[in-house]
Structures are given as C-alpha cells and as structure tokens.
Amino acid sequence: MKEIILILAEIINTMHDIILNLMEFAGLDLTDKDLHLWIMGIIGICIFGGTHLFFKYLSKYGITAISFVYTFTVMVVIVFAIEIQQQITGRGNMEFDDAVIGLWGFLLFFAAFLLIKAIHKGINSQLSRKDNKPTNRRFRSEGNKRSSQ
C-alpha cells in the first residue's frame, strides 16, 4: 500500500512539473495556487459531469442505488485515510488488504440491509393484499346479483 501511494505521489508530482513547464513555455506566469485553481476546477467539473450523468442513470433504480454509490465512495476515502493515518502515526500496519476487508464489511452489511428491506417490503405487500380483500364474499356476490337484475 505504501508503494502504491508513493507511485501515485510521483505521478502527481511529475504531472505538476510538466504542467508548470508548459505554462512557463506558453509565457504564463502562474503561481502554484493559480495552477491548483485551474487544474482542480477542471478536474472537479469533469467529475461532476460524469457523476451527474451516472446518478441520472441510477435514479431509474431509486434513491437506494444513489445512496449506495455515494456511501461506497465515502467509505473508500475513509478506509484509505485510516490506512494512511496508521502509516503516519505508526499505530498498525498500512496494508491494502485491510482497506479491501473494510470495504467488504460495508458490502456485507449493505447486503443485509437489502435483505431486510426486501423482507419488509414482502411482508407489507402481503398485508396490503389481505386488507384489500373483501371480508364477506357472500354479501359481495349477492350485491352483484342484485345490480345485474
């Protein structure tokens, strides 16, 4: 996990240097803050556009699907933040497998939530069917005979 973070950091640093060099070559005198404003703004609006289209598609499946994707995204950030914190403080081992197991825990609990939700929905639909059935069939059939005469 530490190696992955170091590789990602190196990629970002290299991209940072390339962009700064391109800006200098183009004659633009951008500060580091200017660069962050433009790059993060562009990255953010691209992510927003993709997320908006994706969530619009997911909305066909209900709010639960959107809530799941959002929660899973937050969980990814949290488990990796915990692993990085463990490395920085020296409390625990920073391992990719720990992050994956943490996400599996969320998926397991979410599956249990879906199962409980499905059972609850099934029970409610059974109860509503019973409530809609007439209680006295004889009276109903006699009423239909009278209206047809």
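Helices here (H or I, at least four residues) and strands (E, at least two) are DSSP runs, numbered from the N terminus. What you have on screen is a predicted model, where local features need pLDDT of at least 70, side-chain atom pairs count only at pLDDT 80 or more, and totals for chains, interfaces and linings use all residues. Residues are numbered from 1 along each chain as its sequence is written, and side-chain values use heavy atoms, with hydrogens and water left out.

Let's start with the overall layout. The protein chain has five helices and zero strands, so to speak of its order from the N terminus is to read α-α-α-α-α. Of its 149 residues, 9% count as buried, where buried means under 20% relative accessible area, exposed means over 50%, and partly exposed is in between (1.4 Å probe, protein chains only). The chain exposes about 12500 Å², and carbon and sulfur atoms supply 68% of that; these areas come from the Shrake-Rupley method with a 1.4 Å probe, and for residues only the protein chains shown count as cover. As for contacts (heavy atoms within 4.5 Å), take the ones between residues at least 6 apart in sequence: 45% of them join residues at least 24 apart.

Now go to helix H1, residues 2–25. H1 has 24 residues and reaches 34 Å from its first C-alpha to its last, close to the 34 Å expected at 1.5 Å a residue. That expected span is 1.5 Å times one less than the number of residues in the helix. After H1 comes Gly27, with a positive phi near 85 degrees.

Helix H1 gives the largest share of the patch, five residues.

Next up is helix H3, residues 63–89. Its 27 residues should span 39 Å at 1.5 Å a residue, and the end C-alpha atoms are 38 Å apart, which agrees. The buried residues of H3 are Ala65, Ile66, Val69, Val79, Glu83 and Gln86. Two of these are worth a look.

Val69, in H3, counts as buried at 19% relative accessibility. Leaving aside neighbours within four places in sequence, Val69 is in contact with Phe54, Phe55 and Leu58. Leu58 and Val69 are eleven residues apart in sequence, and their C-alpha atoms are 9.3 Å apart in space.

Gln86 is also in H3, and is buried with a relative accessible area of 18%. Not counting residues up to four places away in sequence, Gln86 touches Arg91, Gly92, Asn93, Met94 and Asp98. H3 is followed by Gly90, whose phi is positive, near 80 degrees.

That leaves the aromatics. The structure holds nine aromatic pairs. Rings of Phe, Tyr and Trp (its six-membered ring) pair if their centres lie within 6.5 Å; planes under 30 degrees apart count as stacked, over 60 as edge-to-face and the rest as tilted. Among the pairs is Phe54 with Phe55, tilted at 6.1 Å centre to centre and 40 degrees between the planes. Phe54 is partly exposed, with a relative accessible area of 41%, and Phe55 is partly exposed as well, at 22%.

Phe110 and Phe113 make another pair: their ring centres are 5.8 Å apart and their planes at 35 degrees, so the pair is tilted. Both lie in helix H4 (residues 96–132), three residues apart, about one turn of the helix. An α-helix has 3.6 residues a turn, so residues three or four places apart point the same way. Phe110 is buried at 17% relative accessible area, while Phe113 is partly exposed at 41%. Ring pairs link Phe110 and Phe113 with Phe68, Phe72 and Phe106 into a cluster.
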